[in-house]
Every structure is written in C-alpha cells, then in structure tokens.
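User: Can you take me through this model? I'd like the cut-offs stated as we go.

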Amino acid sequence: MTEPKGMGGLGFKDFELFNLSMLARQAWRLLQNPETLSARVLKSVYFSDTYILQENLGGHPSQVWRAIVEGRDVLKQGIIRRIGNGETTNIWADTWIPRDEMMRRYECQVANPPTRVAELIDNTSATWDVQRVNQVFMPMDAKVILSIPLCTRNTDDFWSWNFERNGVFSTKSTYRMLVETRRRREAWPESAAGSSTTSVEEGSWKTLWNTTVSGKVKMF
C-alpha cells in the first residue's frame, strides 16, 4: 500500500477513518487479551454467549457497543488466522488464506467438505494433504493454501494482523487500509480512469510541495 496522502494534499488525516482505526485497536485488544478486566466486563454485558467477532449489533445498541462493533468490523477486514495445528480454524467462516483481498475461499468443489483446517493437514508429516486440498478447493485457492508454511510442532492457531509483517495490529496500517479501500470504491465507477486520476493528482501535490518557495506560499 502507498502512504495515504490525507485530505486535499495537505497531509491532514481523514478523521472519520482515523477514528475507525482507533476503534479497531480497541477491538484488537479485546480479541488478543480476553482475560483482562475490561474485556471480561464488556463480554459479560455485550457478548456473553459468543465472542467479539461473532456478536451482532442488536436492536437497541448502546453507544459503547455501537463503537465496539464499528471497530470490530474494521478489524475483520485485516485479521487473518495463522495456522498451527489447524484445530481451531473454520475453513469456511474464518479468514485464513494469506492474500491482500478475499482471505476466505472462493468456492468449494465437493458435496461434503471438511470444516476445520486440521482436516487438510497430514499429521504424520506435518504437511498439507495436497490431494485433499486440490479436491476441495478451486485452483486459485489451492495454490495459496499449499504455499502456507506449517509448523512441525503442535502449536495453536492464532489471530494476526495481515497488513504488518510482524502480525501485530497498528493504527497506521489500518488507516492506510481504510484510505485505500475508500479510494478503490470511489474509483470503481470510473474503472481504470479512477486510478489514473488519483496518480495524476498525487503527482501534482508532490510537485507543489517540492517547489522552492517559502512555506506560507506553499500553504496558500
């Protein structure tokens, strides 16, 4: 992703998207640290029968719960299950296929598919069951799945942030993700012309800021 240019080329952040990034950070903390006091209190009040990624907004949500759900929905756009033994990752409900977009599978090719990623792994060799993967998934999915490295130790699956190499959530990469998502949606009606216009506009702002004039003139 390219660094977001903000609003109007002046480097100001889009405060709506920045606020969503901050809310997503709170949802990440709830997901990663469910045993903290604040997480246990929120769970007892708002999602006692399930967990943060599954609960619905409900008919009469409080402002607190509405904010949590907004952050959670942003978080769901960028989290991914990293595969250990595959026991706790649902093939069809979880995001676990590592690519920038569409981290769920595209289509299933069999009538009675497996439900857990563990069913796709040969435990005797700690490798993918290549025949099973190719049987269940379309080629575009199977190719990516078979490229996922597996651990030889019996480790649990865990949530990771797909837009940071270390897998740790950051508001900076979340903000970039939201900016790029908005740009793609705005450019969609114009197809390729949208991305071309964006590139020209960014080039114009870069030229302006590199001009050798005083700061107040640039701002004007």
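Analyst: A disulfide here is a pair of cysteine sulfur atoms within 2.5 Å.

User: How many disulfides does a search of the whole structure find?
Analyst: The search finds 0 disulfides.

User: And how exposed are cysteine 108 and cysteine 151?
Analyst: Buried means under 20% relative accessible area, exposed over 50%, and partly exposed in between, with a 1.4 Å probe and protein chains only. Cysteine 108 counts as partly exposed because its relative accessibility is 22%. Cysteine 151, at 26%, is partly exposed as well.

User: Where does the model come from, and what are the ground rules?
Analyst: This is a predicted model, in which local features need pLDDT of at least 70 and side-chain atom pairs count only at pLDDT 80 or more, while totals for chains, interfaces and linings use all residues. Residues are numbered from 1 along each chain as its sequence is written, and side-chain values use heavy atoms, with hydrogens and water left out.

User: What is the secondary structure of the protein?
Analyst: There are 8 helices and 4 strands, in the order α-α-α-β-β-β-α-α-β-α-α-α along the sequence. Helices (H or I, at least four residues) and strands (E, at least two) are DSSP runs, numbered from the N terminus.

User: How much of the protein is buried?
Analyst: Of its 220 residues, 37% count as buried.

User: Which residues have the most contacts inside the largest nonpolar core?
Analyst: Leu31, Ile52, Leu75, Ile79 and Trp161, in a core of 27 residues. H1, H2, H3, E4 and H6 each supply at least two residues of this core, and the largest share, 8 residues, comes from H1. Another core of 17 residues lies apart from it, with Ile121, Phe137, Val144 and Leu150 among its members. A nonpolar core is a set of buried Ala, Val, Leu, Ile, Met, Phe, Trp, Tyr and Cys residues joined through side-chain atoms within 4.5 Å.

User: What does leucine 31 touch?
Analyst: Leaving out residues up to four places away in sequence, leucine 31 touches Tyr51, Ile52, Leu53, Leu75, Ile79 and Trp159. Contact means heavy atoms within 4.5 Å.

User: Switching to H3. Which of its residues are buried?
Analyst: Trp65, Ile68, Val69, Gly71, Arg72, Val74 and Leu75. Their cover includes helix H1 (15-32), helix H2 (37-46), strand E1 (79-82), strand E4 (158-161) and helix H6 (171-187).

User: Aromatics next. How many pairs does the structure hold?
Analyst: It holds 8 aromatic pairs. Rings of Phe, Tyr and Trp (its six-membered ring) pair if their centres lie within 6.5 Å; planes under 30 degrees apart count as stacked, over 60 as edge-to-face and the rest as tilted. Tyrosine 46 and tryptophan 65 are stacked because their ring centres are 5.3 Å apart and their planes are at 5°.

User: Where do those two lie, and are they buried or partly exposed?
Analyst: Tyrosine 46 lies in helix H2 and tryptophan 65 in helix H3, so the pair ties together parts 19 residues apart in sequence. Tyrosine 46 is partly exposed at 25%, whereas tryptophan 65 is buried at 4%.
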